[in-house]
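These are my notebook entries on a structure that I examined one part at a time. I record what I looked up in each part and what I found there.

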2 protein chains.
Amino acid sequence: MSGERPPAVLIKGCVQAVKTFPISVVITGEETLIQNELKKHKYPEERILILPSHDVIGMDDVPSKAFRQKKDASLMVGCRALKGEMIDAFITPGNTGAALAAALFVIGRIKGVKRPALAISIPTRKGYALMLDGGANSDCNARYLRQFALMGSVYYKNMHTLSAPSVGLLNVGEEDKKGSELAQQAYKELQKLPINFIGNIEPNQIFSHKADVIICDGFVGNLVLKNIEGTAKYLVDIIKSEIMQGVLTRVGAFLMSPVFRRLKQELNPARFGAAPLLGVSKPFFIGHGNSSDASIFGAIRTAVKVLDNDFISNITEDIDRWG
Amino acid sequence: MSGERPPAVLIKGCVQAVKTFPISVVITGEETLIQNELKKHKYPEERILILPSHDVIGMDDVPSKAFRQKKDASLMVGCRALKGEMIDAFITPGNTGAALAAALFVIGRIKGVKRPALAISIPTRKGYALMLDGGANSDCNARYLRQFALMGSVYYKNMHTLSAPSVGLLNVGEEDKKGSELAQQAYKELQKLPINFIGNIEPNQIFSHKADVIICDGFVGNLVLKNIEGTAKYLVDIIKSEIMQGVLTRVGAFLMSPVFRRLKQELNPARFGAAPLLGVSKPFFIGHGNSSDASIFGAIRTAVKVLDNDFISNITEDIDRWG
């Protein structure tokens, strides 16, 4: 029910998923509305269930308040279903702050985890890099970053059947003495871990895929993600407005349209579906408020993949030994 | 002598400047080399002086070490000339760390200034925004950010003959309770100042020019600047490689070449010449290591402009009253 797009869009992604994967999907929300939407599709009917909810936490709701007051919102009903093990994984394209609160207070953390982190996928020249924390924790210490590195490494390993993903620390320079005090302390912590730590990575090295996993605090991570989005949009806007200046450039743009289609696809956040909140005791994914049917489908695909590899047990083990 | 490009390039920018502005330029460096370069140009000869130096701090020198050991480097000779008031402003396209050390320890701060900040220009839809700190101070407190806001506001005012430039605090959301503890404290500090504080600005609002002046700590500022550079480069690379995939797209790209030229121009850091280090007691500018003749010319143009408005006195006054 949450998110910026109508439920119909999200439901379409769920229908696509049950037609593709050997799974069942449970949709929380207003029962009649969902039933009416589902009637428009053909799919194996026993594999989509509706869990009714009677309230919605909107994108503009204040997270802490909504979380306390709207006990019957689709988000809260879904969280209780996850907690009670009716479902194996939960995906929400809604209010990020409320989702974080619900994950922390309804689902709870893996034992030993100080702070769960949002692991965001960024497209690169060689696939994608995973950045965490993408915005769950504005203030972090070196211990948190150490745990982010462990959790990110395990998750990337599970997603890619890769034995030792490279882990980099986001910083303003390559030397270990560069950057903020936090960055310098974190550098020392990351060196001690049984992960493939490759040292600092500068923001202009994200896209060349210097590292599979990029570690930073949630304030910096969120700023960098929003900055990538803003820079890309600005450049595309300049190109568009310049194209309209002349006839030849317009013809040129027409001939180049496959290039622009590819660019748009490359920049589409829906490609990766939703971001896992790592460190929570159950598989919990938070999607973009603007999630499309393709995003929901992508998020379900990701959830299926990591559930197969049981990443929660793997994280639990690593945090217990090294966290 | 410093910087990544040969002195010939930098000298060309100086020649252009004395032909354009009613000023004299003093070049520090290896005397014979500079003399030979200058012979290749026609210009009013009495308006370029050479101040000999016999050492160079390179881009790879460790700043703290080079600063102590290379007393006769072009950077150090230039700083002493500025300190001794032989020159009115100093511009270096060299090693940023060494330049910062020299500025702090040879020139010194304006009375009351806690930390000087690098003020970097970012192109926007409506001209450019000034971001500070762009990387001089990795760890900041709210008091520093308060002073950055005062100094940035004064500088922008002087550059644009604008009465009240808008000042925004870089943050992950618009509400005052968003972001790190530092961001929340700085928000309160900035509200108390006699500046045009417009609240938080998100990274994706930089280019729409929500604020003239953008305040952040040097760690975040440097990361964001490098991230803008990296994102732009990645997009241009995707476009280029996609263009080569087909004959039609190549024809299209040829027709669109004016658009790409404009894009390249837009992204060229040389447009703004060099960044002032605000809070130092004399006009001190640090340029990109890769500065071209156009960057040096641009930096001199900026220096001439702000010297006319005596921005050092204005900053001194504001820091004294409100810092």
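**Entry 1. A glycine in a helix.** I began with G97(B), which has 20 C-beta neighbours inside 10 Å and therefore counts as buried. The model I am reading is a predicted one. I located G97(B) in helix α5 of chain B, which covers residues 96-107. I then looked up a residue from another part of the chain: A66(B) lies 31 residues from G97(B) along the chain, and their C-alpha atoms are separated by 9.7 Å.

**Entry 2. The five-stranded sheet of chain B.** In which order do the five strands of the open sheet lie? I read the order as β5-β6-β9-β7-β8 in chain B, with mixed pairing. The edges are held by β5 (120-124) and β8 (196-201) of chain B; each has a single partner strand, so one side of each is left without a neighbour in the sheet. From one strand to the next, the twist averages 30°.

I followed one pair in detail. β5(B) and β6(B) (residues 127-132) run antiparallel and are joined by five bridges. Within this pair, T124(B) has G127(B) as its bridge partner.

Helix α6(B), residues 142-160, touches β6, β7 (166-170) and β9 (213-215) of chain B, and its direction makes about 165° with that of β9(B). Helix α7(B), residues 181-191, touches β7, β8 and β9 of chain B, and its direction makes about 165° with that of β7(B).

**Entry 3. The four-stranded sheet of chain B.** I found an open sheet of four strands in the order β3-β11-β10-β4 of chain B, again with mixed pairing. Here β3 (90-92) and β4 (117-118) of chain B stand at the edges, each with a single partner strand, so each has one side without a neighbour in the sheet. Three bridges join β10(B) (residues 274-278) to β11(B) (residues 284-287), and these strands run antiparallel. I noted A275(B) and its bridge partner I286(B) in β11(B). Helix α6(B) packs on this sheet, touching β4 and β10 of chain B, and its direction makes about 130° with that of β10(B).

**Entry 4. One helix of chain A.** I checked the length of helix α12(A), residues 311-322. At 1.5 Å a residue, its 12 residues should span 16 Å, and its end C-alpha atoms are 16 Å apart, which agrees. Which residues of α12(A) are buried? They are F311(A), I312(A), I315(A), D318(A) and I319(A). Seen down the axis of α12(A), these buried residues fall within an arc of 130°, so they line one face of the helix. The buried residues of α12(A) pack against α6 (142-160), β10 (274-278) and α11 (293-308) of chain A.

**Entry 5. The nonpolar core.** The largest nonpolar core has 201 residues. Among those with the most contacts inside it are L132(A) and L132(B). I listed some contacts of L132(A), including I120(A), F148(A), I215(A) and L278(A).

**Entry 6. Where the chains meet.** I found 46 residues of chain B in contact with 44 residues of chain A. On the side of chain B that touches chain A, the elements giving two or more residues are α8 (218-243), α9 (247-255) and α10 (257-267) of chain B. The largest share of that side, 19 residues, comes from α8(B).

Notes
Residues numbered from 1 in each chain as written. Chains lettered and ligands numbered in written order. Predicted model: local features only at pLDDT ≥ 70, side-chain atom pairs only at ≥ 80, totals over all residues. Expected span 1.5 Å × (residues − 1). Buried ≥ 20, exposed ≤ 12 C-beta atoms within 10 Å, placed from the backbone. Arc of directions from axis to C-beta. Contact = placed C-beta atoms within 7 Å. Pairing = 2+ DSSP bridges. Axes fitted to C-alpha atoms, helices over the stretch in contact; angles between N-to-C directions. Core = buried A, V, L, I, M, F, W, Y, C linked by C-beta atoms within 7 Å. Lists of a residue's contacts leave out its neighbours within four places in sequence.
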